[in-house]
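Please look through the structure below before reading the note.

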Amino acid sequence: MPDTLSVTDNRTGKKYDIAIENDTIRASDLRQIRVKDDDFGMMSYDPAFMNTAPVKSRITFIDGDKGILEYRGYPIERLAEKSTSFLEVAYLLIHGDLPKENQLEEWRTNVKMHTFVHENIKKLMEGFRYDAHPMGMFISTISALSTFYPEAKEIMDPDARRKQIHRLIGKVPTIAAFAYRHSKGLPYVYPSNDLTYAGNFLNMMFKIGDSKYTIHPTLEHALTVLYILHADHEQNCSTNTMRSIGSSYVDPYSSVAGAAAALWGPLHGGANEAVLRMLDEIGSMDRVPSVIKDVKEGKMKLMGFGHRVYKNYDPRARVIKKLADDVFEVTGKNKKLDLALELERIALEDDYFVKRKLYPNVDFYSGLIYEAMGIPMDFFPVLFAIPRTAGWLAHWQEHILDPEQKIARPRQVYLGQRGRTWIQIDKR
Ligand code: ACO
């Protein structure tokens with residue numbers, strides 16, 4: 001059986017055989033389909049990339065119908081359960097294999113060597129308004145890093161590339177924590193490189209004065225697991241942005257800043273914040289039925305529900321739901337948990353949600369944990385960006401080293417007017 005797709009253009013009666021590879025046809029093969037020789041040729045129209053794969057990737061696998069997520073072939077549940085360090089998973093994403101002991105040690109040392117930021121970065125952050133949104137601060141500061149490391153533009157030099165990867169993974173928690181301290185009017189706390197990736201972050205967030213901040217092992221573990229769950233998710237909106245910006249061969253700081261900006265939106269990484277705002281607005285159990293009614297009538301969306309790819313329970317949400325119990329044992333239960341559980345219970349039984357295969361996504365429960373840990377809502381997208389930086393960098397590197405890739409430049413179907421005659425302003 002030939003691996004081809006036969007297409008007949010009924011406008012001309014011509015037949016075309018288009019090659020199939022990996023269950024996919026190349027959109028550029030459609031260009032041979034034309035009515036006249038000087039036609040541009042056929043394109044595929046695919047708003048929001050609903051059925052377009054612009055890349056071949058070996059990083060993350062998702063089967064949305066079965067609810068499967070794997071990093072480099074390892075199921076997310078195993079990584080969340082077995083890996084004791086976020087940096088181990090970050091290594092896996094960037095390098096393709098789990099590190100041996102000496103490789104992990106070297107990687108850890110390299111990343112930790114870069115956790116501090118230039119003092120002028122600190123000054124830059126101090127310049128933001130007292131009430132600046134921490135995600136706005138984060139995005140701008142990441143972007144500013146490019147001015148501190150001009151060699152970062154040497155993206156085809158493997159040593160320079162490696163160094164920026166170490167720098168970015170090392171510095172994002174520091175910048176994130178500084179943004180939080182700024183919003184609280186507290187002095188910034190410098191990194192402590194004897195701590196774990198998650199432990200150091202908690203220390204920079206919550207240490208007060210000279211007294212030692214004791215990191216609760218359950219919270220440190222919970223944050224490590226949350227970091228692992230959020231580290232990558234194949235071609236989502238922010239990763240697509242990372243690849244797209246990176247395809248112009250700009251330095252990775254500029255690309256990560258752009259990816260973080262894409263992450264900020266409420267339909268993407270901003271959803272965990274939106275979930276808590278929604279739960280706050282709902283307020284009490286007796287309002288749940290009327291909220292579900294409003295959702296079904298299209299008056300609002302149930303934030304934290306639905307996913308472009310998952311048409312089954314998001315496997316990350318399942319892990320987070322369990323994790324929430326451990327965290328709440330330490331912090332006390334988040335009062336909104338019962339409300340969230342009730343919303344989920346009703347939604348999962350309701351025809352509207354069942355028919356559309358709408359299940360809780362990663363953001364539905366993560367915000368409840370963050371809030372219980374004392375982290376304010378507007379900081380949630382920043383928390384998401386910290387681990388996702390590793391995923392963005394893995395995709396960025398794969399993209400720029402892929403000989404098939406070029407600058408990302410989609411086409412358009414132009415429906416506007418053409419060749420209009422200029423009219424003087426007093427005659428329009
Ligand atoms: N609440 C109510 N209805 C919904 C929801 C929701 N959360 N999500 C989708 N639907 C409905 C749509 O209205 C649509 O109904 P229709 O067929 O009657 O028009 C149907 O389900 C299909 O939804 P689409 O919007 O076409 O799905 P899409 O793949 O474009 O959107 C998205 C996915 C953006 C995640 C959407 O489900 C959503 O807005 N969810 C809420 C925001 C959210 O939680 N985002 C986080 C995503 S995970 C992440 O980025 C980490």
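This is a predicted model: local features need pLDDT of at least 70, side-chain atom pairs count only at pLDDT 80 or more; totals for chains, interfaces and linings use all residues.

1. Residues are numbered from 1 along each chain as its sequence is written, and side-chain values use heavy atoms, with hydrogens and water left out.

2. Helix H5 covers residues 134-148, and its 15 residues reach 21 Å from the first C-alpha to the last, close to the 21 Å expected at 1.5 Å a residue. Helices here are DSSP runs of H or I with at least four residues, strands are E runs of at least two, and both are numbered from the N terminus; the expected span is 1.5 Å times one less than the number of residues.

3. How much of H5 is buried? In H5, 11 of the 15 residues are buried, so the helix is largely enclosed by the rest of the structure, where buried means under 20% relative accessible area, exposed means over 50% and partly exposed lies in between (1.4 Å probe, protein chains only). Among the buried residues of H5 are Pro134, Met135, Phe138, Ile142 and Leu145. The buried residues of H5 pack against helix H4 (119-126), helix H6 (158-184), helix H10 (252-264) and helix H17 (380-400).

4. H17 also packs with helix H11 (residues 271-282), at an angle of about 150 degrees and with the axes 7 Å apart; axes are lines fitted to C-alpha atoms, for helices over the stretch in contact, and angles run from 0 to 180 degrees between N-to-C directions. H11 and H17 are therefore roughly antiparallel to each other, given that angles under 35 degrees count as roughly parallel, over 145 as roughly antiparallel, 65 to 115 as roughly perpendicular and the rest as oblique. The contact (heavy atoms within 4.5 Å) is made by Asn272, Glu273 and Leu276 of H11 and by Phe380, Pro381 and Phe384 of H17. By class, the contact of H11 with H17 has four nonpolar, one polar and one charged residues, where Ala, Val, Leu, Ile, Met, Phe, Trp, Tyr, Cys and Pro count as nonpolar, Asp, Glu, Lys and Arg as charged, and the others, Gly among them, as polar.

5. The axes of H10 and H17 come within 10 Å and cross at roughly 130 degrees, and these two helices are therefore oblique to each other. Pro252, Val256, Ala259, Ala260, Leu263 and Trp264 in H10 meet a set of H17 residues that includes Pro381, Phe384, Trp392 and Trp396. This contact of H10 with H17 has 12 nonpolar, one polar and no charged residues.

6. Helix H3 (residues 101-112) packs with H6 at an angle of about 70 degrees, with the axes 7 Å apart, and H3 and H6 are therefore roughly perpendicular to each other. Trp107, Asn110 and Val111 of H3 make the contact with Ile165, His166, Ile169 and Gly170 of H6, and these residues divide into four nonpolar, three polar and no charged.

7. Most residues other than glycine have a negative phi. Phenylalanine 49, however, has a positive phi of about 50 degrees; this residue lies in the loop between strand S2 (14-19) and strand S3 (60-63) and is partly exposed, with a relative accessible area of 44%.

8. Lysine 357 likewise has a positive phi, near 55 degrees. Lysine 357 lies in the loop between helix H15 (351-355) and helix H16 (362-372), and is partly exposed at a relative accessible area of 42%.
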